[in-house]
Amino acid sequence: MTTDKQRDVTNVASSNFFATFISVETASGLILVLATICALAWANSPWSGSYQALWHSPSVHFLVNDMLMTLFFLIVGLEIRREVSEGALSSLSAAALPLAGALGGVVAPAAIYLLVNTDPAAREGWAIPTATDIAFAVGVLALLGKRVDPALRAFLLALAIADDVAAILIIAFFYSGGISVLGLGLAAIGLAGLLLLRRFRVRHVTAYLAAGLVLWLGLLTASVHPVLAGVLVGMFMPDPPANTLEHRIHPWVAYGAMPLFALANAGISLTGLDVQSDASLLLVAGIVLGLVVGKPAGIVAATAIAVRLGWCRLPTGVTWSGIFLIGLFAGIGFTMSIFIATLAFPEPAMLAAAKFGVLAGSVVAAVLALAVGRAISR
């Protein structure tokens, strides 16, 4: 009897946490849209010089893209930990469907991008259309209101989190510079600290953050992107303090760090965009097709194969038309895609084209998702 009551309390707490998380992500997605519009308007206004001077200065770029984005990746790590411990990724049978979808949603967009872009320099951006922006996708999904089954919302969240895991691995293995031995040693000390804290079940958040800071400095020195430290801290932290930390910083990241990232990185000067260059056009086309076509095609194909092989089944309330709809929403890359673009293309012209492709692809994917969602609901 006591066990049943404890399970009921856990389920209610988990449900409340999920509802809170979705509401924050929904509002954050709408704020991201406003921040993007402001960045584009500012970068193409008579005051565009002030935009470039402020947001492209090395100190501000480091603050936003390396420091604030570490907090964003900390939230990602905490989300992964929660889903693995008690959510949609807590068992192999439960995780099989979103993991299969995420795999297809990475392979298909990357393949399309590489088919379109044969230039070696442009091929560095193959991972750009593989990412999904949770906040943006959930925010746009909210516009459909009660037309969307709650099971589909949960599937989108699990899929996006699995997608984040793939993006993190891609950044770690494919977008790191020359490795410094000193930095790796310092990072190893920080990682060992996290392992020991986890091993001895230490529950003080500050202890994990201190070890994470050592890891962050080590990764920065080693030329491995330091935001990965945030993911590891979030994944190693035990449940009670992790849930408390996520409750406290999630709104700050959703309403502060992410809109600032959008404001700093989405300001593409359309006058400086070289649309007559074949290389730029192919780069944009590869990203747009990867997000709009590759994402839904890969997700539907991979989940269909997984279901056909008996590895998983569709959750109650989820249909194949719903899977296709979620595939379209997963094509909203934005934050993570732009972040990967900044790592892939240090050259300004290619970076501008890549960002334009991300914005265009994400907008087209969002519009198609809304149109298909309304059509399905009828």
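The model is a predicted one, and the values given here are computed from its atoms. Thr-70 has its place in helix α3, which covers residues 58-86. With a relative accessible area of 13%, Thr-70 falls under the 20% limit and therefore counts as buried. Once neighbours within four places in sequence are set aside, the residues in contact with Thr-70 are Trp-216, Pro-226, Val-227 and Gly-230.

Helix α3 also holds Glu-83. Is Glu-83 buried or exposed? Its relative accessibility is 7%, so Glu-83 counts as buried. The C-alpha atom of Glu-83 is separated by 9.2 Å from that of Ala-95, a residue 12 places away along the chain.

The chain contains 14 helices and zero strands; read from the N terminus, its elements accordingly run α-α-α-α-α-α-α-α-α-α-α-α-α-α. Of its 378 residues, 51% count as buried. The chain exposes about 16,800 Å², and carbon and sulfur atoms supply 70% of that area. As for the contacts between residues at least 6 apart in sequence, 84% join residues at least 24 apart.

What does Phe-329 touch, not counting residues up to four places away in sequence? The partners of Phe-329 are Ala-137, Val-140, Leu-141, Leu-144, Leu-156 and Ala-369.

Phe-329 is one of the buried residues of helix α12. This helix, residues 320-330, is mostly covered, with eight of its 11 residues buried. Besides Phe-329, the buried positions of α12 are Gly-322, Ile-323, Leu-325, Ile-326, Gly-327, Leu-328 and Ala-330. The buried residues of α12 pack against α5 (134-141), α6, α11 (278-308) and α14 (348-377).

The aromatic residues give another view of the fold. A pair of aromatic rings is described by the distance of the centres and the angle of the planes. The count of aromatic pairs comes to seven. One of the aromatic pairs is formed by Trp-42 and Trp-55, which are arranged edge-to-face, at 6.5 Å centre to centre and with 85° between the planes. This pair links distant parts of the chain: Trp-42 belongs to helix α1 (residues 2-43) and Trp-55 to helix α2 (residues 48-55), 13 residues apart.

Another aromatic pair consists of Phe-73 and Phe-339, which is tilted, with 5.5 Å centre to centre and 50° between the planes. Because Phe-73 lies in helix α3 and Phe-339 in helix α13 (residues 334-344), this pair ties together parts that are 266 residues apart in sequence. Both Phe-73 and Phe-339 are buried.

Val-293 counts as partly exposed because its relative accessibility is 41%. The C-alpha atoms of Val-293 and Pro-109 are separated by 7.5 Å, although these residues lie 184 places apart along the chain. Leaving aside neighbours within four places in sequence, Val-293 is in contact with Ile-112 and Val-288.

The cysteines remain to be considered. A disulfide is a covalent bond between the sulfur atoms of two cysteines. How many disulfides does a search of the whole structure find? The search finds zero. Cys-38 has a relative accessible area of 45% and is therefore partly exposed, while Cys-312, with a relative accessible area of 10%, is buried.

Technical notes:
Residues are numbered from 1 along each chain as its sequence is written. This is a predicted model: local features need pLDDT of at least 70, side-chain atom pairs count only at pLDDT 80 or more; totals for chains, interfaces and linings use all residues. Side-chain values use heavy atoms; hydrogens and water are left out. Helices (H or I, at least four residues) and strands (E, at least two) are DSSP runs, numbered from the N terminus. Buried means under 20% relative accessible area, exposed over 50%, partly exposed in between (1.4 Å probe, protein chains only). Contact means heavy atoms within 4.5 Å. Accessible areas come from the Shrake-Rupley method with a 1.4 Å probe; for residues, only the protein chains shown count as cover. A disulfide is a pair of cysteine sulfur atoms within 2.5 Å. Rings of Phe, Tyr and Trp (its six-membered ring) pair if their centres lie within 6.5 Å; planes under 30 degrees apart count as stacked, over 60 as edge-to-face and the rest as tilted.
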